[in-house]
Amino acid sequence: MDLNLISTKEVLRHTKQNQPVYLCIIKTSENLSKDSSLSQEPPFFQDASPGVQAMLREYQSLFRDSLPHQLPTSRAVDHSIYTGDATPVNRPAYQLNQAQLDEQAQQIKDLLDRGLIRESTSPWGSPVLFVPKPGGKWRMCVDYRALNSLTTRNTYPLPRIQECLDAFGTARYFSKIDLVSGFWQLLVNPDHIQKTAFNTRSGKYEFLVMPFGLTNAPSSFQQLMNGVLRDFLFDFVVVYLDDIVIYSKTESEHSGHLRKVFEALKKAQLFASSSKCSIAQESIEFCGHHISHN
């Protein structure tokens, strides 16, 4: 069968002649902008100058409401859990109320659909508990305290907040990039995946990405971010875990700095939160501090 692009007039002519017409609907850029499954432009795009707006649109794929439904890329840094020759610990699941059980089932399904966890037969196992969130929702947490007590500490340093504040100097323009679900953008060492296992009423699962609650998780993540942005650290960038601040003295200089950081994040396949970033502002919030040129 031949496929041809035809006009609306042609469709009407064929219809009047009772001839069959096979239509293929092609989404144009206008159609795509109305597709609710695609990320819309984040609010901070409109607050930026025209030049910065153009650059933000160039790197729009970096900004997401949630992570892609696939595992992050393999990088030089992954999260390792060294426990020496310790005997595996396996704690039974905690008793949960019905609302928590329903929430657990939903969150496990979501994690499985995203490919971030898988079913496990590990000799290790930690229980799950829930912490209330604003709005009456629940945050699922794995209680890794028994595992953490056996884990060799990672001494990779976190930056001192005062040193970060001092680095800003006389900068006037600031951007803060907050990674979306930052820890989940780092893989677990394949040999250590079984140690992340957690027990639930519906079975045992293990994380393929770095979960929250592990003793060395902050150090692993800081090591990743320092490696990605090493060329810029304390020159025009400071990084504290998943918070990245770019600082510059002039607006034009800031645009150049942003491009370098965006390119580094793109190369590392790291994604930023659409709702938590501030771009090219004269004041921002950073680690509990209000930052401005003053």
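## Legends to close-up views of a predicted model

**Overview of the protein.** Of the 294 residues of the protein, 43% count as buried, where buried means under 20% relative accessible area, exposed over 50% and partly exposed in between, with a 1.4 Å probe and protein chains only. The model is predicted, and therefore local features need pLDDT of at least 70 and side-chain atom pairs count only at pLDDT 80 or more, while totals for chains, interfaces and linings use all residues. Residues are numbered from 1 along each chain as its sequence is written, and side-chain values use heavy atoms, with hydrogens and water left out. The secondary structure comes to nine helices and 13 strands, these being DSSP runs numbered from the N terminus, with at least four residues for helices (H or I) and at least two for strands (E). Among contacts with a separation of 6 or more, 74% link residues 24 or more positions apart, contact meaning heavy atoms within 4.5 Å. The protein exposes about 16700 Å², of which carbon and sulfur atoms supply 50%, the areas coming from the Shrake-Rupley method with a 1.4 Å probe and only the protein chains shown counting as cover for residues.

The largest pocket has a volume of about 1000 Å³; a pocket is an open set of points, on a 1 Å grid over the protein atoms alone, with protein on both sides within 12 Å along at least five of seven lines, and lining residues have an atom within 4 Å of a point. Grid points are joined across faces, edges and corners, and a volume is the space filled by probe spheres set on the points. The pocket is lined by 34 residues, of which Lys133, Arg139, Ser181, Trp184 and Phe212 lie nearest its centre. Helix H5 (98–114) and strand E4 (138–142) are the elements that give two or more residues to this lining, and H5 supplies the largest share, six residues. By class, the lining has 13 nonpolar, nine polar and 12 charged residues, with Ala, Val, Leu, Ile, Met, Phe, Trp, Tyr, Cys and Pro counted as nonpolar, Asp, Glu, Lys and Arg as charged, and the others, Gly among them, as polar.

**Serine 181 in its loop.** Serine 181 lies in the loop between strand E5 (173–178) and strand E6 (198–200), and is partly exposed, with a relative accessible area of 30%. Aspartate 242 is 61 residues from serine 181 in sequence, and the two are 8.7 Å apart in space, C-alpha to C-alpha.

**Glutamine 222 in helix H8.** Glutamine 222 lies in helix H8 (residues 217–228) and is buried, with a relative accessible area of 0%. Leaving aside neighbours within four places in sequence, glutamine 222 is in contact with Tyr156, Pro157, Leu158, Pro159, Val239, Tyr240 and Leu241.

Strands E12 (residues 283–286) and E13 (residues 289–292) run antiparallel and are joined by four bridges, two strands being paired if DSSP finds at least two bridges between them. Serine 283 has serine 292 of E13 as its bridge partner. Two residues stand between the strands of this hairpin, where cysteine 287 takes a positive phi near 50 degrees. Cysteine 287 is partly exposed, with a relative accessible area of 30%.

**Phenylalanine 234 with a positive phi.** Phenylalanine 234, in the loop between H8 and strand E8 (237–240), has a phi near 60 degrees, a positive value in a residue other than glycine. Its relative accessible area is 43%, and phenylalanine 234 is thus partly exposed.

Definitions and conventions. 1 Å grid on protein atoms, 1.4 Å probe; cavity = no way out; pocket = protein on both sides within 12 Å on 5 of 7 lines; lining within 4 Å.
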